[in-house]
Amino acid sequence: SSGINAEWPLRPGLTAFDIGEQLLSVAKNGQVYVWRDEEVAAKFKIGESIECCVKSHDGKIISGGKENELKVWDIETQKPVFTSKNVPRDTLDIRVPVWIRSIASQPSDSNILSVGTHYHQYRQYDTRVKRRPILDKSWGELPILSMTANDTHCYMGNGKGDIGRIDYRNTTEVNKFKGAVGSVRSLALHSKEPFLASVGLDRYLRVHNTLTKEIENKFYLKNKMNCVVFTNERIKEKEEGEDIWEQLEETGAKRRKLEG
């Protein structure tokens, strides 16, 4: 359609997701497009310099970025229903810069929001209590670039390759998951099984067991990855003897190449 071809490519894309029967696409300049039947049905602005935008489990979207405070947006009114307030000035009375790099929403309670900053701060908000974070905790040494959450824990990855987990019920300690090397760009939790998937700049997909914190599987993907999700589709299992035929076909192809 004209909307797809003419408008969207002119602005660098950040993310896209579905809310009900609508598809939302978000550009880095803060422009949100609401799509219906492959046409732009509406568009609105959520600020400038957007670094991350996710959907909450109650149908709203949550955004933040460089000098762009955490905001929760109502799609219908196209207005924020919550806007965070910056943390107090530091001990030298210097303003703390705002730079949100990752966001996660608790599935069972959309009022509980987690934020990772460029300055390796983990912040937790309760939109019912106050605009400032109820928890402000330093973690690691590099920006917190990825986040995901379930009802009990928030998982986060940073630019060094660290993967951490913080318990919503006991926020004093951050558990670490070993194995990642490069910057962790995306995390995903399985909806039913205790699995955490991660990808990043080291070109590996890793699947950790969240109960043991051990690596269940890892796959080399050749390219630097920026996003990972679990699919609801079942993986087709190979039939008995299928591996042998694949090896024979591969051997035959190599032989023809050498003979040619």
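How exposed is K60, by relative accessible area? K60 is partly exposed, with a relative accessible area of 21%. Here buried stands for under 20% relative accessible area, exposed for over 50%, and partly exposed for anything in between, using a 1.4 Å probe and protein chains only.

## Basis of the model

The model is predicted: local features need pLDDT of at least 70, side-chain atom pairs count only at pLDDT 80 or more, and totals for chains, interfaces and linings use all residues. Residues are numbered from 1 along each chain as its sequence is written, and side-chain values use heavy atoms, with hydrogens and water left out.

## The chain as a whole

The protein chain contains 2 helices and 20 strands. Both kinds of element are DSSP runs numbered from the N terminus: helices are H or I runs of at least four residues, and strands are E runs of at least two. Of the 260 residues in the protein chain, 41% are buried.

The protein chain has an accessible surface of about 15500 Å², and carbon and sulfur atoms account for 48% of that surface. Such areas come from the Shrake-Rupley method with a 1.4 Å probe; for residues, only the protein chains shown count as cover. Contacts, meaning heavy atoms within 4.5 Å, can also be sorted by separation in sequence. Among those between residues at least 6 apart, 37% join residues at least 24 apart.

Two strands count as paired if DSSP finds at least two bridges between them. In this pairing, L23 stands opposite W35 in β3.

β2 and β3 form a hairpin with 3 residues between them. G30, in the turn, has a positive phi of about 90°.

## A sheet of four strands

An open sheet has 4 strands in the order β13-β14-β15-β16, with antiparallel pairing. The edges are β13 (144-149) and β16 (170-177); each has a single partner strand, so one side of each is left without a neighbour in the sheet. On average, neighbouring strands of this sheet are turned by 25° against each other, direction ignored. For such angles, axes are lines fitted to C-alpha atoms, for helices over the stretch in contact, and angles run from 0 to 180 degrees between N-to-C directions.

β13 and strand β14 (residues 153-158) run antiparallel and are joined by 5 bridges. S146 stands opposite G157 in β14. Strands of a sheet pair through backbone hydrogen bonds, either parallel or antiparallel.

## Salt bridges

The whole structure holds 10 salt bridges. A salt bridge is a side-chain nitrogen of Lys or Arg within 4 Å of a carboxyl oxygen of Asp or Glu. One of them joins K60 to D58, at 3.5 Å from N to O. D58 is partly exposed at 43% relative accessibility, and K60 is also partly exposed at 21%. Another joins E48 to K45, at 3.3 Å from N to O. E48 is partly exposed, with a relative accessible area of 48%, and K45 is partly exposed at 35%.

R128 forms a salt bridge with D126, with the closest N and O atoms 3.0 Å apart. R128 is exposed, at a relative accessible area of 51%, whereas D126 is buried at 10%. D109, D126 and R128 are linked in a network of salt bridges.
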